[in-house]
Amino acid sequence: MPVAYIPRTRELYKAYTPYRWVENRDTPPWTPLTKPIAQCKVALMSSGGILYRDQPRFHREDASYRLIPKDATQADLDVWHFGYRTDDAKLDHNCVFPLARMRELEAEGVIGELSDPAYSFMGGIYSSRTVRDELAPRIADELKRVHVDAFYLVPA
Amino acid sequence: MTSALDITQAVNPPRAVFVNFPLGHQTGKPNQPELQRQIVRDAMRAFETIGKPGTIVELPYVWDTNDRRWEETDYTEGFLPERPAKADADKAEAERRARHASANAK
């Protein structure tokens with residue numbers, strides 16, 4: 001049975017004002033895929049707080065993001081996040097940031113191209129307005145600049 | 001990609017792929033590249049197969065076929081590690097950055 005995380009979060013933070021989760025009732029915006037995924041340029045982003053080499057860590061309510069070179073290896077990467085258990089992601093970033101797996105799918109021809117760089121931010125941001133009005137438009141601009149066909153977002 | 005079905009249903013993104021794993025493992029278990037590859041490949045396939053906005057594809061992978069107790073404890077009291085004191089966090093941060101900076105200089 002899938003875990004009901006909204007009530008769990010409410011219970012975990014019951015000392016605080018109940019969190020107002022984002023609820024979108026309208027039909028989501030839709031951009032059809034115009035060609036097979038094997039011909040698409042795909043960008044990867046994780047909200048798992050991934051850092052590359054000496055990039056600065058994230059802070060509370062941090063709407064910044066990091067650019068991760070697509071050839072980054074496990075030794076290049078670290079994790080900074082307070083909202084999930086990061087032990088396994090530190091051991092193997094592919095648990096929440098499947099960069100090595102995406103490179104393999106690119107080599108196999110499952111996707112046309114893995115866009116360079118990949119993107120990372122720290123998803124423990126309380127204000128959904130900060131994400132919607134600050135972080136998301138900046139990421140969208142990045143993606144338009146490199147002309148991706150598909151965007152793969154992995155939370156943590 | 002998601003492991004929190006109720007949150008994703010509320011957010012209602014155009015396309016989503018759900019795997020019923022504990023948070024922090026949305027694309028698989030550590031050092032199990034074959035499982036990770038299957039999950040990510042399924043997600044890539046979903047770009048082609050999802051035709052209706054708001055669809056959530058549920059993947060069949062099971063975290064542990066003999067033990068579902070993680071579902072009782074994930075994200076409950078005591079689940080999250082205590083945040084490190086600021087001084088400790090700053091020290092760890094400085095050490096990490098210095099380590100990579102010296103590697104860059106070589």
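User: In which loop of chain A does Pro117(A) lie, and which residue does a cis peptide bond join to Pro117(A)?
Analyst: In this predicted model, Pro117(A) is placed in the loop between β5 (113-114) and β6 (118-120) of chain A. Most peptide bonds are trans. Here, however, omega is about 5°, and the cis bond links Pro117(A) to Asp116(A).

User: Is Arg53(A), with its positive phi, buried, exposed or partly exposed?
Analyst: Arg53(A) sits in the loop between β2 (50-52) and β3 (66-68) of chain A, and its phi is near 45°. A residue is buried at 20 or more C-beta neighbours within 10 Å and exposed at 12 or fewer. Because Arg53(A) has 18 such neighbours, its class is partly exposed.

User: What is the phi of Asn12(B), and where is this residue found?
Analyst: Most residues other than glycine have a negative phi. Asn12(B) is not a glycine, yet its phi is positive, at about 60°. With 17 other C-beta atoms within 10 Å, Asn12(B) is partly exposed. Its place is the loop between α1 and β1 (15-18) of chain B.

User: Which helix of chain B supplies the largest share of the side that touches chain A?
Analyst: The contact between the chains involves 44 residues of chain B and 48 residues of chain A. On the chain B side, α1 (5-11), α2 (33-49) and α4 (86-105) each provide at least two residues. By class, that side holds 19 nonpolar, 13 polar and twelve charged residues. The largest share, nine residues, belongs to α2(B).

User: Are α3(A) and α2(B) roughly parallel or roughly perpendicular?
Analyst: Helix α3 (residues 99-108) of chain A packs against α2(B) with the axes 9 Å apart and at an angle of about 65°. The crossing of the two helices is right-handed. Angles of 65 to 115 degrees count as roughly perpendicular, so the relation of α3(A) to α2(B) is roughly perpendicular.

User: What ipTM does the model score, and what is the mean pLDDT of chain B?
Analyst: The model has a pTM of 0.95 and an ipTM of 0.96. In chain B, 97% of the residues reach a pLDDT of 70 or more. Where pLDDT is low, the predicted coordinates should not be read in detail. The values asked for are an ipTM of 0.96 and a mean pLDDT of 94.

Methods:
Residues are numbered from 1 along each chain as its sequence is written. Chains are lettered from A and ligands numbered from 1 in the order in which they are written. This is a predicted model: local features need pLDDT of at least 70, side-chain atom pairs count only at pLDDT 80 or more; totals for chains, interfaces and linings use all residues. Two residues are in contact if their C-beta atoms, placed from the backbone, lie within 7 Å. Helices (H or I, at least four residues) and strands (E, at least two) are DSSP runs, numbered from the N terminus. Ala, Val, Leu, Ile, Met, Phe, Trp, Tyr, Cys and Pro count as nonpolar, Asp, Glu, Lys and Arg as charged, and the others, Gly among them, as polar. pLDDT is the predictor's confidence in each residue, from 0 to 100. Axes are lines fitted to C-alpha atoms, for helices over the stretch in contact, and angles run from 0 to 180 degrees between N-to-C directions. Angles under 35 degrees count as roughly parallel, over 145 as roughly antiparallel, 65 to 115 as roughly perpendicular and the rest as oblique. A crossing is left-handed if the near helix is turned anticlockwise from the far one by less than a right angle, and right-handed if clockwise.
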